[in-house]
Amino acid sequence: MELDVVLLSRIQFAFTVMFHYLFPPLTIGLAVLIVIFESIWMWKRDPFWLNLTKFWVILFAVSFAMGVASGIVLEFEFGTNWATYSRFVGDVFGSALAAEGIFAFFLESGFLAVLVFGWNRVGPKVHYFSTWMVCLGAIFSSIWIVVANSWQQTPAGSEVRQVVRDGEPWYVEGEPVMRAEIVNFWEMVFNPSSIDRILHVWIGALILGSFFVMSICAWYILRNRHMLFATRSFRIALVTGTIGVLAAPLSGHSSVMVVAQEQPAKLAALEGHYETGDGGSSYALLGIPNDREQRLDLAVRVPKLLSLLVYMDPDRPVAGLDRFPPEDRPRTLIPFVSFRLMVASGLFMLGLCLYALWQWRRGRLFTRRKMLWLFVIAVLPAYVANHAGWVAAETGRQPWIVYPAYEPVHAARQDASVFLDYATADFSSPRDGLRVADAVSRAVTAEMVVASMVMFVLIYGLLFMVWIYVLDRKIRTGPTGVGDPDEPSPPAAPPTGGDEGEGPAGGFYAPSADLHGGGRSYTDAHEAVEEGGGGDERPNGGAANKPSARPTDAREESGS
């Protein structure tokens, strides 16, 4: 059997980029939460919040390092496996990735060492500033990466021209060598899909970071460990996670509306919509795409709902795959299934968060063990939603790696009313796009791709095991200085002051030094602080930190 170098290259890149994407949304979401935690520390100057922040910074640093290590490979794959594609998009991607390096990566990496290692080397204000810079760097990095990818989906601000070498048009084997060149940088940046996609990526990152925190905290609560740490972290993550899962459907619908106007073939693939028809188009909740027969088998449909969602008109037909030539239609199974996986995962997380908020209001947030176990595993649906969304977006634009210009789409950008007549528009003449089959490197053979893929699987498998091992070790060890009676005593304060000129044992660690100087533990200190009305943060009025306490009795942790 002859191996297909295009298919193998696609599988290889899909594997490496999906492995890499385990880490960027997690670190973006964690960075936002770390800013919140450290802001509370700066406000209250309670050493509990300092040590809480330190714990989450450790998990952030481990994941950040894995993201950097796994992401470097992708740039090399552009050159090795996708040389024709790199030549075609080089002018556009070069500017976007250069901006990512200058405005984001340098900012992020420049302050990362201060965030991770600067606790007793700089003062609190400098460290707090560094935390913000790392968070903003992670966010800025996502902007430029998504801008570059969005341009592939909805090109703007560029023109496709023939490459000139030595003053002459360049031909290879009689075919002109073309490339996209930027003619308007800001139009390229703010292409039709970039803003919606950036917002959706940020929301997905916030959801993942929040559910990561809640998963660990729920595990601690179920084992009656680090209760004060776990319950406080959980509450904050529950609020941010709820914001994320409420915002995701709104952002997602806005993104799909852009897809409907800019990439109607992708919308048809996502919805398993093969036949345009004359009346309102139904929405398929479930079904099995059958590309050979061009129909959706065993479909469960809601009549006219797709037309209502797209046009707010239940009787206006939505363009189906039959409006496109067969060679320009995406294969439907993967985008159809992955889109529904994303939606189902999002609905699960939304229901779980709303139920948890209801239990919080009733004063039973941390007494529902089955709910807490769901939160322990709910980080998996958060990952599924993030990955399935990208799978749907990338497979839905096939067979194009750079989406072409269609005359109806171009006209709809100038006059929105054209979008209303896509069901009768002519989509038979795409131009200025690049097909996946034409984007691979001509010098790469299938055997080369297989060999490198085996190497990637082995190396990435090892990296994944290392990441899981380190996370597991750090989580099982748990935080220090957060009121757990079994934890070792926190280290003594450093001999030098912070950035405000304090003397020995002053500055950033002054509260910690006061505690140790007085011979008190963090548990004693917090119990003293909580007396007189603040005891709602201690399960059972402080009893939950004792070995005999049960998490199911921790009613006061709900805030009642």
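Trainee: How many disulfides does a search of the whole structure find?

Mentor: This is a predicted model, where local features need pLDDT of at least 70, side-chain atom pairs count only at pLDDT 80 or more, and totals for chains, interfaces and linings use all residues. Residues are numbered from 1 along each chain as its sequence is written, and side-chain values use heavy atoms, leaving out hydrogens and water. A disulfide is a pair of cysteine sulfur atoms within 2.5 Å. The search of the whole structure finds 0.

Trainee: Is Cys-217 buried or exposed?

Mentor: Buried means under 20% relative accessible area, exposed over 50%, and partly exposed in between (1.4 Å probe, protein chains only). Cys-217 has a relative accessible area of 0%, so Cys-217 is buried.

Trainee: Which residues does Ala-96 touch, not counting residues up to four places away in sequence?

Mentor: Ala-96 lies in helix α4, residues 83-117. Helices are DSSP runs (H or I, at least four residues), numbered from the N terminus. Contact means heavy atoms within 4.5 Å. With that cut-off, Ala-96 touches Trp-144 and Ala-148.

Trainee: Are α3 and α8 roughly parallel or roughly perpendicular to each other?

Mentor: Helix α3 (residues 47-80) and helix α8 (residues 227-262) pack at about 70 degrees, with axes 11 Å apart. Axes are lines fitted to C-alpha atoms, for helices over the stretch in contact, and angles run from 0 to 180 degrees between N-to-C directions. Under 35 degrees counts as roughly parallel, over 145 as roughly antiparallel, 65 to 115 as roughly perpendicular, and the rest as oblique. Therefore α3 and α8 are roughly perpendicular.

Methods. Helices (H or I, at least four residues) and strands (E, at least two) are DSSP runs, numbered from the N terminus.
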